[in-house]
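Here is a short note on the model, point by point. Please read it with the structure open.

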Amino acid sequence: MSNPSLLILAGDGIGPEVMSQVQRVIGWFGDNRGLNFDVSEDLVGGAAYDKHGVPLHDDTMAKAQEVDAVLLGAVGGPKYDDLDFSVKPERGLLRLRKEMDLFANLRPAQCFDALSDFSSLKTELVAGLDIMIVRELTSGVYFGEPRGIFEEGNERVGINTQRYTESEIERGARAAFELAMKRDKRLCSMEKANVMESGILWRQVVTEVSKDYPEVELSHMYADNGAMQLVRAPKQFDVIYTDNLFGDILSDCAAMLTGSLGMLPSASLGAPMDNGRPKALYEPVHGSAPDIAGQGKANPCACVLSFAMALRYSFAEGGEADRLEAAVEKVLADGVRTGDLMQADGGTPVSTSEMGDALLAALDASL
Ligand code: NAD
């Protein structure tokens, strides 16, 4: 059987720096766990624009459709800020998400013990926190028509439309219930059924889907209350399923419960391919961090943890994903910190590659 395939799109700014550490980790799994991947690399974002005049070349898009998983670093940077909207680096990422039809965005908010005092909340509220937010990613108010800025009488009016079909709500709900089955079997669906028809439909469809998952305890919450509960008592949640707009906001809110942007992975999943694996794109939540790019300061953990998600969700290697996450946990517990994880009271930060060294040593120790 051939090896599973991975397309690496390191992108711009700190993207290539953090990705080079992930490449070492991928190599470690090949050398030590017999997990070999056919890895190919290509350009996205500003790097693709510099070479091809577009933020994602058609050939790269075609490759992304063929591989078992795509791993992306970050795109963007000040050099590209004045480009026309149609060729901005972010358009490359949006094209990937759209053409791969990645409808379920998984954003874990997990608090590593060693970082629990980094949270804006009290340590006891976040210690041991482990939430998964599933955000619908391809529909809703960011895509609905009509949209635009129109003249109405003697003034302008800005219009966006929240629109969801049953099937769009259902496929995301199934992804969320499947995840809940592998976790603590609790799912909280969030919408605004009190004031939005799309929310009423959302609640109805999620309730219908729940009949296929009798073991999962389903609850419903208005999204505004959800925001309050996330900062009041976040540990009450296991999996949260919500729409594109609410998910955008709630996942950022939940992310900050855990401390640093440099620690946050994500996965975007689509429909299963012929081999049963979902279409998948894994990427850290952070951007290209131009303020620290090229200085060896970036924290590679978010990108490494994104690869751990790939092991779990694309390659059914949950045990190896646990191993990698435990290595991150151990390194942090040993006090190894990149600059973003330093406390005001000092210590010496390690570089991006020294963090990579520590991760590999922790992986070695796990054997
Ligand atoms: P950012 O996430 O790049 O950086 C925000 C802050 O967090 C910066 O101070 C940065 O130094 C720090 N930071 C981020 N990741 C870090 C890491 N791994 N280690 C240490 N520190 C880290 O967000 P921004 O500054 O708003 O955006 C910069 C560029 O990135 C823009 O061009 C933006 O459009 C783009 N962006 C891209 C993505 C993506 O590729 N998915 C996401 C967000 C922003």
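1. Terms first. Helices (H or I, at least four residues) and strands (E, at least two) are DSSP runs, numbered from the N terminus. A pocket is an open set of grid points with protein on both sides within 12 Å along at least five of seven lines. Its lining residues have an atom within 4 Å of a point. Keep in mind that this is a predicted model.

2. Largest pocket. Which helix gives the most to its lining? H4 does, with 7 residues. H4 spans 89-99. The volume of the largest pocket is about 890 Å³. Its lining counts 30 residues. Nearest the pocket centre lie Leu93, Leu94, Arg97, Arg135 and Leu137.

3. At least two lining residues come from each of several elements, including strand E3 (69-74), strand E4 (104-110) and helix H9 (244-256). Strand E11 (265-272) and strand E12 (278-284) are also among them. By class, the lining splits into 11 nonpolar, 8 polar and 11 charged residues.

4. Ligand shell. There are 21 residues around the ligand. Which come nearest? Val75, Glu90, Gly287, Ala289 and Asp291. The shell holds 10 nonpolar, 7 polar and 4 charged residues.

5. A polar backbone atom of Ala289 sits 2.7 Å from a ligand oxygen. For Ser288, a backbone N or O atom is 3.1 Å from an oxygen atom of the ligand. Asp291 uses its side chain: an N or O atom there lies 2.8 Å from a ligand oxygen. Taken alone, the ligand exposes 800 Å², and the protein buries 68% of that.

6. Backbone at Ala289. This residue also deserves a look for its phi, which is near 40°. That is a positive value in a residue other than glycine. Where is Ala289 found? In the loop between E12 and helix H10 (301-313). Ala289 is also one of the residues that come nearest the ligand.

7. Cis peptide. The bond joining Glu145 and Pro146 is cis, with omega about 0°. Pro146 belongs to strand E6, residues 144-152.

8. Cavity. How many cavities of 30 Å³ or more are there? The count comes to 1. The largest cavity has a volume of about 40 Å³. Gln162, Glu191, Lys192, Met196, Ser198, Gly199, Trp202, Asp243 and Phe246 line it. Helix H7 (residues 197-210) supplies the largest share of this lining, 3 residues. The classes are even: 3 nonpolar, 3 polar and 3 charged.

9. Aromatic rings. The structure contains 8 aromatic pairs. Which residues do ring pairs link into a cluster? The members are Trp28, Phe29, Phe37, Phe307 and Phe315. A pair of aromatic rings is described by the distance of the centres and the angle of the planes.

Definitions and conventions
Residues are numbered from 1 along each chain as its sequence is written. This is a predicted model: local features need pLDDT of at least 70, side-chain atom pairs count only at pLDDT 80 or more; totals for chains, interfaces and linings use all residues. Side-chain values use heavy atoms; hydrogens and water are left out. A residue is near a molecule or strand if one of its heavy atoms lies within 4 Å of it. A polar contact is a pair of N or O atoms within 3.5 Å; within protein, one must be able to donate a hydrogen and the other to accept it, and residues adjacent in sequence count only if both atoms are side-chain atoms. Accessible areas come from the Shrake-Rupley method with a 1.4 Å probe; for residues, only the protein chains shown count as cover. Ala, Val, Leu, Ile, Met, Phe, Trp, Tyr, Cys and Pro count as nonpolar, Asp, Glu, Lys and Arg as charged, and the others, Gly among them, as polar. On a 1 Å grid over the protein atoms alone, a cavity is a set of points where a 1.4 Å probe fits but cannot get out, and a pocket is an open set with protein on both sides within 12 Å along at least five of seven lines; lining residues have an atom within 4 Å of a point. Grid points are joined across faces, edges and corners, and a volume is the space filled by probe spheres set on the points. Rings of Phe, Tyr and Trp (its six-membered ring) pair if their centres lie within 6.5 Å; planes under 30 degrees apart count as stacked, over 60 as edge-to-face and the rest as tilted.
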